[in-house]
Amino acid sequence: GACLARHERGLDLTQRAASAATHQQAYPYYQQLRLLYPRRAFAAMRFADRAQDEGQTQGKWDRYEKGCRVMALEVGDCYAMMALNSADPSATTLKQAAASIHRMQHALADAHLHNAKYDLERDDRAGAKKHLYKACSVRGNVKDLDELAHFRMTEGSRNGYLQAETLYRNILAVQPSPSAHYALAGALRATGNITGAISEMGMGLEEDSQNLAMVLRLGQLWQHSGLSTGLAEASMRFTEVVRLDSQHILARFLLAQTYYARGMTKESILEYGEVLSLHPQHCEARYNLVEAMYQAAYVRGRAEHEAAAASCIRAQLQSEYGATIHPLQALRYV
């Protein structure tokens, strides 16, 4: 009788809170619900929302943190209910508990991701890491794994890259994902596994062949691979990007670089010219064009390009950011 009365009281408070005209009017009912059900997260999360409505930045996140703890207790209670009713798998209570667990796990994981985002905003990486791992332990879907993998990538440590590699492989074991291949290639490149990175980027392109960012990145991986066929493979990828987007400045610049590195000086000069037609203030392209013109013994127009390069580099040297050209190269124009 007492349990039934408590249940009916909870339903009544929930209905009153739902029918309240404003959040402010509903909060007294949430307060009573929290006292009636201290191990239920609904009321606790509503009080976190109230803190947000009132602009209580710190108070809001403290309450969300508490809401996560209460929600974890509620999930545990649902598991306990399932254990108590496991003798009769057809029992309605067992099915309800299973549905509640599924719903609560999603809500709890989302709450942990929410808190992790806040921790990152205030540069609390330890707190963010804790919440991201908890989200993975509670639910562990592709979204949770991806958020944690991205976090580990941003650590900038070898261990972080290795952990991210494992997480991205787990994602790919669940579902195909060009973006996961792209990210995994980045993790492999960061640990020095260039051939693995090239392979992963290629697999990503098999699933999304028109992804220019992936084609460009694959070209860059080949360009800096040190492999005998690297520059030729890079040129092919950059050419593909330019074929699909003739206005792609970076692809044209990189293509000009690979042409020059392969000894194709004339082709390099033409491509740097295309870059400058799209971006006349591209200082690196202007400087590289002058170097290529000297290499090919081109005289016509070289003085004008040399003067423009000198002006651009002097302006960079006088700026607060400094020159993007190597200092020893820049000295030539000072």
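**A helical chain and its disulfide**

Of the 334 residues in this protein chain, 39% count as buried. Keep in mind that the model is predicted.

Start with the overall build. The protein chain has 17 helices and 0 strands. So what you trace from end to end should be read helix by helix, using the definition that numbers them from the N terminus.

Next, look at the contacts. Take those between residues at least 6 apart in sequence. Of these, 44% join residues at least 24 apart.

The accessible surface of the protein chain comes to about 18300 Å². Carbon and sulfur atoms hold 53% of that surface.

How many disulfides does a search of the whole structure find? The search finds 1. A disulfide is a covalent bond between the sulfur atoms of two cysteines. Here the partners are Cys 283 and Cys 312, with an S to S distance of 2.2 Å. The pair links distant parts of the chain, 29 residues apart. Cys 283 sits in helix H15, which covers residues 283-295. Cys 312 belongs to helix H16, residues 302-318.

Cys 283 has 2% relative accessibility, so Cys 283 counts as buried. Cys 312 has 19%, so Cys 312 counts as buried too.

One further cysteine deserves a look. Cys 136 has a relative accessible area of 17%, and therefore Cys 136 is buried.

Note on methods. Residues numbered from 1 in each chain as written. Predicted model: local features only at pLDDT ≥ 70, side-chain atom pairs only at ≥ 80, totals over all residues. Heavy atoms only, no water. Helix = DSSP H or I, 4+ residues; strand = E, 2+ residues; numbered from the N terminus. Buried < 20%, exposed > 50% of the residue type's maximum accessible area, 1.4 Å probe, protein only. Contact = heavy atoms within 4.5 Å. Areas by Shrake-Rupley, 256 points an atom, 1.4 Å probe, with all protein chains shown as cover. Disulfide = S-S within 2.5 Å.
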